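Let's take a walk through a protein model together. Keep the 3D view open and click along as we go.

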Amino acid sequence: MGEGHPECPERLDAIEDRLLVTGVGDALDRRDAPSASPSDLELAHGRMHVASMRGLSDTLAEDIEAGGPTHAQIDPDTCLGAHTWSAALHAAGAALAATDAVIAGEMENAFCAVRPPGHHACRDRAMGFCFFNNVAIAARYALERHGLERVAIVDFDVHHGNGTEDIVAGDPRILMVSFYQHPFYPYDAPHSDAANLVNMPVPAYTRGMEVREMIEHSWMPRLEEHKPQMIFISAGFDAHREDDLGQLGLVEQDFAWITERIKQVAKRHSAGRIVSCLEGGYNLSALARSVEAHVRVLADL
Ligand SMILES: [Zn+2]
């Protein structure tokens, strides 16, 4: 994203370091992320959007070659660098490979430590550090390519997953439950009132205990009713109280609690199947500790 941007490569280094130093990493089955194909991306995106990202990337490569600018600006927060196209394909590819592995029974669940994130990427638009919607693509892939009939998407990033909502609103096969700080970024994005969405906007400075109570009352009955055969998580950790990109008051234990609740639903209805993809989380220390807490629950550590 360029110098000084919060969505930086150090985010994944911080996670990696934390998993190493705590020994959690030793317990994990690590896999490299293959690249998604354009037709996979089109499960959630318009063909024009995929083509325009590729075109922008090709033009940028020529510009860089000619000594021109190193980044192509998409919006004030989002720009494309020399390696963005490839990284974005691998990020989506990670979610797809995880979906394959989990459905094949090679593992019960998976966490995808990916950049760039995805949940602001709309069907036809990149925005908010996101180019392709990793979780929405994987959810559609589970339905279209693996023949599942019902899945759920859980989004606990501090920001509204407007991109995922844009893609899945009105698709009764996908139940999306989320909470997010409101009013907040992305300010002008529409909020759909489609029946398959459980939106839980919360004011700034809401703390973890209040969020847990709301999750219990608004997400849980809908998840139980939907009986998802697989659960996808947009795992953003920027609702952490140490994260300056949001003003919510969650801590690691809250992320562990949410993961535990999702896992209980998955055990009852989905044969435990969960694919979780990293979204936000910009305070490196809080991000690393929160991912550790999330992964510990997923991996029963
Ligand atoms: Zn976020």
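Arg-30 has a relative accessibility of 46%, so it counts as partly exposed; buried means under 20% relative accessible area, exposed means over 50%, and partly exposed is in between (1.4 Å probe, protein chains only). This is a predicted model, where local features need pLDDT of at least 70 and side-chain atom pairs count only at pLDDT 80 or more, while totals for chains, interfaces and linings use all residues. Residues are numbered from 1 along each chain as its sequence is written, and side-chain values use heavy atoms, with hydrogens and water left out.

What does Arg-30 form a salt bridge with? Its partner is Glu-16, and the closest N and O atoms are 3.0 Å apart. A salt bridge here is a side-chain nitrogen of Lys or Arg within 4 Å of a carboxyl oxygen of Asp or Glu. This pair links distant parts of the chain, 14 residues apart: Glu-16 sits in helix 1 (residues 10–21), and Arg-30 in the loop between helix 1 and helix 2 (38–41). Helices (H or I, at least four residues) and strands (E, at least two) are DSSP runs, numbered from the N terminus. Glu-16 is partly exposed too, at 37%.

Now for a pair in another setting. Glu-7 and Arg-11 form a salt bridge with 2.8 Å between the closest N and O atoms. Glu-7 counts as buried because its relative accessibility is 2%, and Arg-11 is buried at 0%. Across the whole structure, a search finds 21 salt bridges.

One more is worth a click: Arg-173 and Glu-144 meet through their side chains at 3.1 Å, N to O. Arg-173 is in the loop between helix 6 and strand 5, Glu-144 is in helix 5, and the two are 29 residues apart. These two also belong to a network of salt bridges together with Arg-140 and Asp-171.

Which residues have the most contacts inside the largest nonpolar core? They are Phe-132, Val-151 and Phe-232, in a core of 51 residues. Helix 4 (84–103) and strand 4 (151–155) are among the elements that each supply at least two residues, and helix 4 gives the most, with 11. Apart from this core lies another, of 38 residues, including Leu-175 and Leu-298. A nonpolar core is a set of buried Ala, Val, Leu, Ile, Met, Phe, Trp, Tyr and Cys residues joined through side-chain atoms within 4.5 Å. In soluble globular proteins, nonpolar side chains tend to be buried together.

Finally, let's look at the backbone. Most residues other than glycine have a negative phi, and most peptide bonds are trans. Yet the bond from Arg-115 to Pro-116 is cis, with omega near -10 degrees, and Pro-116 is in the loop between strand 3 and helix 5. His-182 and Pro-183 are also joined by a cis peptide bond, with omega about -5 degrees. Tyr-205 has a positive phi, near 75 degrees, and lies in the loop between strand 6 and helix 7. Is Tyr-205 buried or exposed? At 65% relative accessibility, Tyr-205 is exposed. Ala-271 has a positive phi of about 55 degrees, and with 58% relative accessibility Ala-271 is exposed as well.
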